[in-house]
There are 2 protein chains.
Amino acid sequence: MIARMIRPVANPLPALSDDDAARLADMFRLLGDPSRLRIVLACIAGPVSVGAIAERVGLSLSLVSHHLRLLRAARLVKATRQGKQVFYAAADDHVRCVIADMVSHVGEGPEQDEREEDD
Amino acid sequence: MIARMIRPVANPLPALSDDDAARLADMFRLLGDPSRLRIVLACIAGPVSVGAIAERVGLSLSLVSHHLRLLRAARLVKATRQGKQVFYAAADDHVRCVIADMVSHVGEGPEQDEREEDD
DNA sequence: CATACACTTGAACATCTGTTCAAATGATCG
DNA sequence: CGATCATTTGAACAGATGTTCAAGTGTATG
């Protein structure tokens with residue numbers, strides 16, 4: 001019940017420059033890979049070590065690390081060293097919001113490819 | 001003022017299945033291409049013809065059509081025929097939200113690649 | 001110092017994906 | 001019907017991208 005709270009009906013999106021659009025696209029592209037997205041989802045849960053992530057999502061340590069590097073560079077996740085381990089967490093609430101919104105969108109309709117729907 | 005309204009601090013994101021994650025990733029991947037994202041942005045403005053989009057974003061008719069097909073299949077945009085022309089618009093407010101949230105994220109910090117920031 | 005653990009890095013490979021060009025479809029008008 | 005406009009489609013190509021394997025850091029422990 002409290003899950004789906006007051007949703008502002010979307011900001012006006014003040015005319016992004018082509019450069020801004022490119023930066024945005026970079027972010028979306030990072031979330032656009034299933035493995036990487038699952039890694040991000042694992043990080044949203046809370047600070048998790050690389051090994052824990054790898055096990056959770058069922059990917060090699062190496063691959064997870066590669067992905068984390070990209071996500072870190074884009075500031076989608078942030079890292080914290082603690083002894084031998086490195087813990088990763090979602091950078092801020094925006095990434096959670098973005099994903100939550102997209103979940104809403106997907107949950108909307110079972111996605112069928114039709115030409116028009118104005119009949 | 002009314003633009004940035006009450007922002008719920010993000011839904012709990014109720015444990016997505018690997019399948020759901022894949023579907024989500026598909027959506028994000030579509031927004032992850034600069035050309036395609038600019039097309040979506042053009043569609044958010046309001047119902048626009050393919051030709052108008054092509055001119056606005058500076059891409060060939062053919063390419064825009066190819067992209068629109070993918071966006072349509074993912075229900076990110078919806079099409080409406082009107083005479084010879086076909087008008088496209090953003091499917092719903094969710095896509096606007098998603099993009100707006102990502103804008104917020106990018107606007108947050110000028111993105112630098114550091115190992116840790118807990119000092 | 002040497003060993004072991006946790007993670008990172010680099011190069012190589014196969015695959016996917018955006019783009020282009022040419023041809024085809026659909027719709028309106030004379 | 002033939003012509004023309006608006007959009008779509010298919011095949012083909014170059015470049016980007018995810019994945020793997022092997023080797024390289026860095027940190028604690030004995």
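The model is predicted, so local features need pLDDT of at least 70 and side-chain atom pairs count only at pLDDT 80 or more, while totals for chains, interfaces and linings use all residues. Residues are numbered from 1 along each chain as its sequence is written, chains are lettered from A and ligands numbered from 1 in the order written, and side-chain values use heavy atoms, leaving out hydrogens and water.

**The helix pair**

- Helix H3 (residues 50–57) and helix H4 (residues 61–73) of chain B pack at about 110°, with axes 9 Å apart; helices here are DSSP runs (H or I, at least four residues), and strands are E runs of at least two.
- H3(B) is therefore roughly perpendicular to H4(B) (an angle of 65 to 115 degrees).
- Contact (heavy atoms within 4.5 Å) involves Val50(B), Gly51(B), Ile53(B), Ala54(B) and Val57(B) of H3(B), and Leu61(B), Val64(B) and Leu68(B) of H4(B).

**Around DNA strand D**

**Polar contacts with DNA strand D**

- A polar side-chain atom of His67(A) sits 2.6 Å from a phosphate oxygen (polar contacts pair N or O atoms within 3.5 Å).
- For Gly51(B), a backbone N or O atom lies 2.9 Å from a phosphate oxygen.
- Ser62(B) has a side-chain N or O atom 2.8 Å from a base oxygen.

Methods:
Axes are lines fitted to C-alpha atoms, for helices over the stretch in contact, and angles run from 0 to 180 degrees between N-to-C directions. Angles under 35 degrees count as roughly parallel, over 145 as roughly antiparallel, 65 to 115 as roughly perpendicular and the rest as oblique. A polar contact is a pair of N or O atoms within 3.5 Å; within protein, one must be able to donate a hydrogen and the other to accept it, and residues adjacent in sequence count only if both atoms are side-chain atoms.
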